[in-house]
Amino acid sequence: MKNLEKMIEQDPKFSNFESEFEVIEYLLNSNNESRAIDSFSLSLLKIEKQIRKIFTHLIYQYECFKPSDNKKIINILSANKNIYFRHLIIGINLIYFKEIKDIYGVGYEVDYNYICNLKNFRNKIFHGQLTGQELSRTELTEFVTIMKRWSKQIAESFQDEINYDGFERNSLKKSKKDFSSLLKYKITNIEDLEKLLIEMISK
């Protein structure tokens with residue numbers, strides 16, 4: 001923990017798996033009555049954000065994109081409200097020469113299916129079809145453990161693969177590890193990015 005605090009102090013923009021999930025550990029260890037459902041909901045938000053940032057980081061590795069395009073990229077992604085977790089997974093698989101399941105390694109299918117089921121739980125809770133009280137605190141805490149396992153594996157495997165774990169604050173920057181030649185989807189301008197997003201949603 002002291003090493004983590006020192007790294008954050010040296011760089012306020014520093015962020016990684018441990019620092020992102022620290023607040024969740026704090027919640028789980030608190031006396032807050034809603035600690036389990038709050039931790040569950042926040043964990044889902046974090047794994048969705050992680051995948052989104054890996055996707056945008058991959059997009060930015062295309063030679064056609066420069067800092068002057070950052071606002072356009074952000075606006076296009078923000079305008080597409082129907083792009084969810086599974087669409088981003090599809091997008092990464094379309095872009096990179098390896099699929100996520102191959103980067104993640106053993107246990108991908110089991111963990112991915114768990115995550116998809118947990119998202120269904122979250123949607124039912126948010127739409128009033130299922131209340132937090134119908135899921136025990138123990139169950140919700142176990143769900144958080146599953147999400148942490150997924151997120152940690154994604155962070156470590158993508159850090160090794162593309163030198164980006166999905167938590168570093170700025171995803172729209174060129175990687176120190178040049179892997180632009182490994183991007184298999186053809187993107188030469190902002191219009192091609194829009195076509196990719198349409199293809200992601202259609203699958």
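**Briefing: a predicted all-helix model**

Helix H8, residues 137-162, contains 26 residues and spans 37 Å from its first C-alpha to its last, close to the 38 Å expected at 1.5 Å a residue; the expected span is 1.5 Å times one less than the number of residues. The model is predicted: local features need pLDDT of at least 70, side-chain atom pairs count only at pLDDT 80 or more, and totals for chains, interfaces and linings use all residues. Residues are numbered from 1 along each chain as its sequence is written, and side-chain values use heavy atoms, with hydrogens and water left out.

**Overall fold**
- The protein has 9 helices and 0 strands, where helices (H or I, at least four residues) and strands (E, at least two) are DSSP runs numbered from the N terminus.
- Of the 203 residues in the protein, 47% are buried, with buried meaning under 20% relative accessible area, exposed over 50% and partly exposed in between (1.4 Å probe, protein chains only).
- Asn-163 follows H8 and has a positive phi, near 65 degrees.

**Aromatic contacts**
- The count of aromatic pairs comes to 13; rings of Phe, Tyr and Trp (its six-membered ring) pair if their centres lie within 6.5 Å, and planes under 30 degrees apart count as stacked, over 60 as edge-to-face and the rest as tilted.
- One of these pairs is Tyr-96 with Phe-97, edge-to-face at 5.0 Å centre to centre and 65 degrees between the planes.
- Tyr-96 is buried, at 2% relative accessible area, whereas Phe-97 is partly exposed, at 42%.
- Tyr-108 and Trp-150 form a tilted pair, 5.9 Å centre to centre with 40 degrees between the planes.
- This pair links distant parts of the chain, with Tyr-108 in helix H7 (residues 108-126) and Trp-150 in helix H8, 42 residues apart.

**Second largest pocket**
- The second largest pocket holds about 200 Å³ of space. A pocket is an open set of points on a 1 Å grid over the protein atoms alone, where a 1.4 Å probe fits, with protein on both sides within 12 Å along at least five of seven lines; lining residues have an atom within 4 Å of a point.
- Helix H3 (35-60) and helix H4 (70-79) each supply at least two residues of this lining.
- The lining residues include Lys-49, Arg-52, Ile-73, Leu-77 and Asn-170.

Key
Points joined across faces, edges and corners; volume = space filled by probe spheres on them.
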